[in-house]
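I opened a new model today and kept notes as I looked things up. The entries are in the order in which I took them.

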Amino acid sequence: MREFDYQRANDVPGAVALLNADPNARFLGGGTNLVDLMKTGVERPDRLVDVRELPLDQVESTEDGGLRIGATVSNSDLAAHPDVRRRYPALTQALLAGASGQLRNMATVGGNLLQRTRCGYFTDVASPCNKRVPGSGCPAREGAHHNHAILGASEHCVAVHPSDMGVALAAFDAVVSYETADGLGELPLEEFYLPVADTPHRETALPSGALITGVTLPAAPVAARSRYRKVRERASYAFAIGSVAAALDVQDGVVRDVRVALGAVASRPWRARAAEAVLSGAPAGEASFAAAADAELAAAEPLPDNAYKVKLIRNLMVSVLTELTEEAAR
Amino acid sequence: MTTTTPGTAAGSTTAPGAVGTAHTRVEGRDKVTGTARYAGEIPFTELAHGWLVLSTIARGRIRSVDDTTVLAMPGVLTVLHHGNAPRVEGDFTSMIGVPPDPSALLFQHDRVPHVGWPVALVVAETSEQAREAAESLVVHYERETHDVAFRSDHRDDRTNLPTAGDEADVTDKGDMAAELAASPVVVDEEYTTPEEHHTTMEPHAVTARWEDGRLDVVDSNQGTTWVAGELTQLFSLDPASVRVRSEHVGGGFGSKRVRAHQVAAVMAASALERPVRVVLTRRQTFALGGYRSPTAQRLRLGAGTDGRLRALEHDSLNQTSTMDTFVEPSAGATRVMYDAEAHRTANRAVPLDVPTPTFMRAPGEAPGSFALESALDELAERCGIDPIELRVRNEPERGPVSGLPFGSRNLLACFREGAEQFGWAERDPRPGTRREGRWLLGTGTAGASFPSGAVPSTAALTAEPDGSFTTRIAAADIGTGARTALTLVTADALEVPPERVRVRIADSDFGPAMIAGGSMGTRSWAWAVTAAAGELRERLALNADIPPEGITVRSDTTEAIGGLSAKERHSFGAQFAEVAVDTGSGEVRVRRMLGVFAAGRIVNPLTARSQFLGGMTWGLSMALHEEATRDENTGGLVGGDLAGYHIASHADVPSMEAHWVDDPDPDDPVGIKGIGEVGIVGAAAAVANAVWHATGVRHRDLPIRPDRVLSAADGREA
C-alpha cells in the first residue's frame, strides 16, 4: 500500500481547493468503498480530502414540499428521517436494503452516488477492465457476468451500478447539487451518470474537481405510496441482482401517476420511462403492469448467464405494482 | 437442549463429573477482551515482513523475475524466488499419511501450475513496504494454454487417477446391470456441487525465526507437531531443532497446514537472520488456502415398489491439480449409509490447471451426502413412501461394503427424535401445495454420517505441588473449544474439579499428537490424557509428597489404539429443514433447521451445540450461497474474496436447533466419537429436498441460486 496524504476539510470551498491542489486527490466520505479499493490497489490516490465533517449533514424540507438532503448525511440518518419515511418510503426501504448497519452508519449520500461497480474484474487489478484501465478489454462478456447489465451496456463494459439508494432517487427525479472552484451547479440524476458507450471509465457528468454538496427531491405526492423490492443472493448484506423502486397513484382503477426505476440492470440506476409511458392512464392491473415491464425490457440485451434478469425484473415490476395497487385499495 | 433417547449403553456415561456439563471456554475472556494473541499479532524485535507474489497466469513458465527495481524500493530487504531460494526436500509423507501440499515446495522450479501460484516473496521492514514492493514486482511469464473448466464429461476424455489416502478407488459388489433392470423404480440422476472455499476468520499467518539454534515458528495451524514435522522434512533439519506453536487459531476447517507462507517465512528468516512474518490477505487465502473441489456425482438407485434398494451406485468425479492428486471422496458416504444387492462406489479425479484442492469440513461426506440423500428423497417420491420410512426400510445390519459390524449406529434414533421435534408426522407429502403470500413452503430431511476415529497421540500430565494439575498436549484449538474439552476430560480422569486443571496445548515440544482434523482431535487427545491420568493417579497413590518440580507422567496411545477391533465406526445424524421459496423472484429462505446427532459422548454441551450449529449453517450456506467462480479464460477466481464469495449471513439463519441422542462409543475410554464434521453432512440435501417439497422442482446443482429457481419455474411452465 502506498503512502498518501490525508487532510480534513472544514468548509466546501476549502475542500474543493484542497482537491484541486493535487491532480491525484480523492474526496473521502464514509470510505466504505474507496478505502476497500485502495487496499486492493484499484484506487491509488496521493491525497485524501476528508469531507465527512463538512456542514452538509442536514435534511430539510424545500418550499415546494420536496426535500434537500446534504451530501454528508449518513445512509442510516437518511433512512430514519421522518420526512423520508413518510413522503418517500421507497427511499428508506432502499437505504435499509443496502450494506450493513455499520456501513450505513459510515456511508454518505454523496459517496453512495459515486461508489464504483463491484464487477469482479474491476476489483481485481490483475484482470483487464475498460473501466479501470481504458482500452484493456472487458473479460465479463465472455466470463463471469451473472450479475451484469441487461440494459444500456456496451461491448466495452457490462458492469452494473451497485447503489440501492440511487434507484429510489432515480424514481423520484432527484437533482444532484455540486460545487466547483467556479461556482455551483446542478445535474438531474438521469443526466448525472453518463452512457457507457466506449468510455466506461467516465462514469458521471460531474465537472472535474466538483464536490457533491447535496441531493434535492422535488415534491412528489405519488411517492408517499412507494416501495423498494430488492432481490439478492442471500437475505442480507449483498448487492442486488435485481431491484425495483416504484410509486403508484391509482384513482378509480386507473393509473394517475407512476414512477418506476430499476436497479442492478445497468451502469446507472435505471429510470423506467417506457414502462411509465405505458402505465400512465392505463387500468391498474396485472395486464398493464406486465405490458409496462415488457415495454421497458424490450431493449434488454442479456448475455447468456444474466438472461434470468429479464424475467426477474418483469416479475418484480408486476409484483411491486400489484402490491401498491392492493395497498391503495385498502 | 440435550435429549436422551437411549442409544447404545456404556458404563462410561454414568460417571458424574465435568464431562457432559456445559462450560464456557477457559480462554473465552481472553478472546473477547482481545488479550488472546494470534500468530500475526505477536510482537518480535527486529521483525521483518514478507509479502507473497502470486502468478497471474494459469499455466506456463517464469521467464524472469525483475527484482532490481523492487530491491531499491524503501525498506525492501530481499526478494526470494525460484532463482535464488534454497532447495527443499519434498519426497516424504507427513504424520497424517499425506504428502506435503504442493505449494510447500516453494520456489523450486520455474513452472506455473495455476493462477495464484506463489512466484516470489518480497521482504521489507514494514508490512506496507513489503506489500507495495510485492505489488510492483514485474514477473515475466511464458504462457501456455490452460484448462480450468471442470465438467462431468471429463470422465470420458481424461485419465482416471488413483485415489490418495486409504479411500479405496472403487468398491463393487453384485450385478449392477441386472439389479437395475429388475428394479421397478429407478433413480438415475447427476448432482453437482461447485468449488467451495473455507477461508477462515483469521487469515493464515506465521512468524519464523532462529532462536538459540532452533527454528521457532509461531503459526496458525491445525497441528503443531504436524507442521513441525513437515518443516523438519522440507528443510532437512534435526527434529529436536524445530519448535512450532499455535496458541490461538481463528478457524481451520482443513485449510491450515503447511502451505507456501510458512516455507517462505522460514526461507526468509534463514536468509536474513531475522524474524520474518508472512500473513496472507483475504484474496490470497482464496488462492493459496486450499478449497473443496467441485464435484459431479451420478447416482443410480434401483428399488422395489416397497423402496428396498436392489441397486445403489455412486460415482463421483472431482478436479485436482496437475501437481498432486487430491480426491474428494464423495462416494464414501454411500459405503456406510445404505446397502443393496448390487452396490458400487467410485471416487475419481481429473487434473486441471487449478490449485490443489484439500480437506474442507466433512471432505467427501459434505458433497457426497447432498447427492446421496437427494437421490434417496427422489426415490421416496417415486415410490410414494415417506423419506424417513424409506431410510428405516434400508437400514443395514453391517457395513455395506466392509461387512463389518457397526460400533454403534443410531441413525434411526436420530430420525425418530428429529421427526418428533420437527413435527414431521403432520407433513403432507405432496409438493407445491403450501402457499403463504408469495412464498411456497416445504420441508425436507436427510441423513448424515462421518467416520469416527482415533490417532495415536502423546500427552504429559503433571501433579503440581500446589495441588493443581497441568496437562501438556500438542492439541490444537481452532475455535472448537478443544482446550476446554480437554480441561473437562482431565478433571474427570483425575476426579478433581476443572478449576484445578490447566491445559497447555499447541506446542510441538509437547510431543506427537493428532491434528485438529477428521473429527478425530478431541477423541485422540482425550484418550492420551485419560491414559496419562490413570498412571498419574497410580503414582500419586504411592507418593503422598509432591516434589517442587511436580510429578509428571507421559502417555502414548499407539498400542491401545492399535488394539481396536475392526468395526464400522461413525457418527450419524438426521437433518430437517423448512424453506420458503418465491418462484417469482427465485429467492429461497430457510425458515428453520433441526439437526439430531448420534455422535458419541458429548464432552461440553455448550461448545458442541455451537459446533453442530456451525456445521448446519455451513450446510445451509452450501445449499443456497457458496460458489467460487473461475474464469475459464484467465483461469483465476472472479470475486475471490468475501465480497464476491457469499456465505450465509445472519439473516439467512433464523431458527436453528441441534440436539443429540445418547450414543457413547463403547470402545473409547471417554465414549467420544467426534463431532467436528457431521453437522454439515446432509444439511444441504435437507434444504434441497425441502425446496422440492415447496415447489415440486428438483435442484440437483448447488447452490440453489435465484436464477436457477427462476429457470426451473420456466421448465415447469413449459
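**Entry 1: ground rules.** I am working with a predicted model, in which local features need pLDDT of at least 70 and side-chain atom pairs count only at pLDDT 80 or more, while totals for chains, interfaces and linings use all residues. Residues are numbered from 1 along each chain as its sequence is written, and chains are lettered from A and ligands numbered from 1 in the order in which they are written.

**Entry 2: domains.** I looked up the domain bounds, which come from an automatic or database domain assignment. Chain A has domain 1 (5-50) and domain 2 (222-329), with 36 Å between their centres, taken over C-alpha atoms. In chain B, domain 1 is made of 1-8 + 372-453 + 566-718, and domain 2 is 455-562. The centres of these two domains of chain B, again over C-alpha atoms, are 35 Å apart. Their contact takes 18 residues from domain 1 of chain B and 15 from domain 2 of chain B; I count two residues as in contact if their C-beta atoms, placed from the backbone, lie within 7 Å. On the domain 1 side I noted 7 nonpolar, 8 polar and 3 charged residues. For these classes, Ala, Val, Leu, Ile, Met, Phe, Trp, Tyr, Cys and Pro are nonpolar, Asp, Glu, Lys and Arg are charged, and the others, Gly among them, are polar.

**Entry 3: the sheet in chain A.** I found an open sheet of 3 strands in the order S1-S3-S2, with parallel pairing. Strands (E, at least two residues) and helices (H or I, at least four) are DSSP runs, numbered from the N terminus, and two strands pair if DSSP finds at least two bridges between them. Which strands are at the edges? They are S1 (5-8) and S2 (25-28) of chain A, each pairing on one side only. S2(A) pairs with S3 (residues 47-50) of chain A over 4 bridges in the parallel sense, and Ala25(A) has Arg47(A) as its bridge partner.

**Entry 4: a sheet in chain B.** Here I found an open sheet of 5 strands, ordered S16-S17-S22-S23-S26, with mixed pairing. Why does one side of S16 (434-436) and of S26 (656-660) of chain B lack a neighbour in the sheet? Both stand at the edges with a single partner strand each, so one side of each is left without a neighbour. S16(B) pairs with S17 (residues 439-451) of chain B in the antiparallel sense over 3 bridges, and Arg434(B) stands opposite Leu441(B).

**Entry 5: two helices in chain B.** I checked H10 (residues 365-383) against H17 (residues 683-695) of chain B: their axes come within 8 Å and cross at roughly 35 degrees. The axes are lines fitted to C-alpha atoms, for helices over the stretch in contact, and angles run from 0 to 180 degrees between N-to-C directions. Among the contact residues are Phe370(B) of H10(B) and Trp692(B) of H17(B). By class, the contact of H10(B) with H17(B) has 5 nonpolar, 3 polar and 2 charged residues.

**Entry 6: chain against chain.** How many residues of chain B are in contact with chain A? I noted 31 residues of chain B against 26 of chain A. Helix H3 (127-136), strand S23 (587-598) and helix H18 (706-717) of chain B each supply at least two residues of the chain B side. That side divides into 6 nonpolar, 14 polar and 11 charged residues.
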